[in-house]
Amino acid sequence: MARIMAVDDSATMRQMVGLTLQAAGHEVLTASDGDMALEVLRDSEPVDLVITDVNMPRMDGITLVRELRRLPQYRGVPLLVLTTEASSEKKHAGREAGATGWLVKPFNPEKLLSTIEKVLS
Amino acid sequence: MSGYLASLAPAGAPTAAPGFEKIQRRWDTRIERWCAKILPGEYFVTAHDEAITTVLGSCISACMRDPHAGVGGMNHFMLHEDTSQGRSEWMDPVAGLATRYGAYAMEQLVNDLMKLGGKRDRLEVKLFGGGRILASLTDVGRRNIDFAHAWLAAEGLRAVAEDVGDVFPRSIVYFPATGKVRVRHLRSLAGSRIGDREREYLRSLPVQQQTTGEVELF
């Protein structure tokens with residue numbers, strides 16, 4: 001099972017995503033914005049996957065993805081975006097920043113887990 | 001429009017925030033402001049001194065603003081109908097589709113306020129609606145109120161004012177620039193019409209669920 005970092009400024013969302021992942025046997029770390037996530041991820045054992053929201057205070061999710069891709073240990077780690085944003089412009093920006101995939105809220109727990117399985121394999 | 005009426009209204013409504021161009025707005029002579037009218041499932045945010053109005057039956061509207069940034073907005077939603085029985089099931093953050101839909105409606109509003117410069121820890125929240133309008137076994141309005149309270153508590157927010165529950169529909173006008181809300185309790189006759197519209201909205205939710213929640217791998 002994987003170690004996953006879930007980043008969202010909404011406590012409700014962190015709980016929903018966290019419980020979904022834990023129920024599937026994953027180990028979950030959480031952060032409430034991109035800045036906090038980057039700080040934790042930069043100096044610790046790399047996680048297997050990061051799943052991040054886009055609109056967050058301090059550092060948004062697309063910037064987080066771009067920053068993570070600059071770290072050698074995160075060059076090959078799947079980085080998923082989970083957001084209310086569904087526009088092709090935003091998706092394009094996410095892709096350019098180096099995101100692995102884009103999921104639109106409200107999320108479907110089964111779909112989230114199957115996507116994680118797919119990108120981890 | 002006659003020349004007389006046109007002369008009362010300013011040339012045009014303030015520029016809508018990106019994504020909100022389709023929300024219907026008209027000049028309201030009584031409040032001397034542009035007024036955006038939102039329907040079930042819609043929301044609106046603004047950085048201007050304009051009003052937002054809606055009519056609520058069992059649905060809930062959260063009015064939120066950041067007084068410091070001068071931005072505010074309002075949503076209008078109802079939880080997805082859940083076939084599960086009892087509070088513990090639908091409040092389940094994972095199993096409860098209802099909760100996921102409600103959290104989405106709240107998050108959309110917060111996100112768009114942040115895009116206009118609002119800060120989530122400065123948000124002033126007011127709650128309205130959740131009346132027992134629809135004749136059904138479960139109190140749909142109560143469920144919506146419970147959800148809104150639980151969501152606010154989890155997010156570390158609190159409603160500074162609310163007018164929720166009871167048996168009547170409400171007409172509300174929100175003034176984000178000042179935070180004031182005008183609430184009018186409507187008679188139950190209006191309630192049946194509002195109830196019809198809400199039932200229709202409730203039926204459309206599963207369809208909306210299918211169009212969102214999409215996954216794209218790059």
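Residues are numbered from 1 along each chain as its sequence is written, while chains are lettered from A and ligands numbered from 1 in the order in which they are written. In this predicted model local features need pLDDT of at least 70, side-chain atom pairs count only at pLDDT 80 or more, and totals for chains, interfaces and linings use all residues; side-chain values use heavy atoms, with hydrogens and water left out.

The interface is considered first. With contact taken as heavy atoms within 4.5 Å, 24 residues of chain B and 35 residues of chain A take part. About 2600 Å² is buried between chain B and chain A, 61% of it on carbon and sulfur atoms; buried area is the accessible area (1.4 Å probe) that two parts lose on being put together, summed over both. Of the area that chain B buries against chain A, 26% comes from R100(B), E107(B) and F218(B), more than from any other three residues.

On the side of chain B that touches chain A, α3, α4 (140-154) and β11 (215-217) each supply at least two residues. Helices (H or I, at least four residues) and strands (E, at least two) are DSSP runs, numbered from the N terminus. The largest share of this side comes from α3(B), with 10 residues.

Over all chains the count of salt bridges is 21. Within chain A, R3(A) pairs with E27(A) in a salt bridge whose closest N and O atoms are 3.6 Å apart. R3(A) lies in strand β1 (residues 3-7) of chain A and E27(A) in strand β2 (residues 27-31) of chain A, so this pair ties together parts that are 24 residues apart in sequence.

On a 1 Å grid over the protein atoms alone, a cavity is a set of points where a 1.4 Å probe fits but cannot get out, and a pocket is an open set with protein on both sides within 12 Å along at least five of seven lines; lining residues have an atom within 4 Å of a point. Grid points are joined across faces, edges and corners, and a volume is the space filled by probe spheres set on the points.

The largest pocket has a volume of about 690 Å³. It is lined by 32 residues, and those closest to its centre are G19(B), F20(B), Y43(B), Q108(B) and D112(B). Helix α3(B) also gives the most to this lining, with seven residues. The second largest pocket has a volume of about 450 Å³, and of its 16 lining residues D28(B), R30(B), T53(B), S171(B) and V173(B) are the closest to its centre.

Two cavities reach 30 Å³ or more. The largest cavity, of about 50 Å³, is lined by A6(A), V7(A), D8(A), V17(A), I51(A), T52(A), D53(A) and L82(A). Its lining takes two or more residues each from β1 and β3 (49-52) of chain A. The second largest cavity holds about 40 Å³, and residues including L82(A), L103(A), F107(A), G213(B), E214(B) and V215(B) line it. Two elements of chain A, β5 (101-104) and α5 (109-120), each supply at least two residues of that lining.

Two backbone features of chain A complete the account. Most residues other than glycine have a negative phi, and most peptide bonds are trans. The peptide bond from K105(A) to P106(A), however, is cis, with omega near 0°, and P106(A) is found in the loop between β5 and α5 of chain A. R58(A), although not a glycine, has a positive phi of about 60°; R58(A) lies in the loop between β3 and α3 (61-69) of chain A.

Note on methods
Salt bridge = Lys/Arg side-chain N within 4 Å of Asp/Glu carboxyl O.
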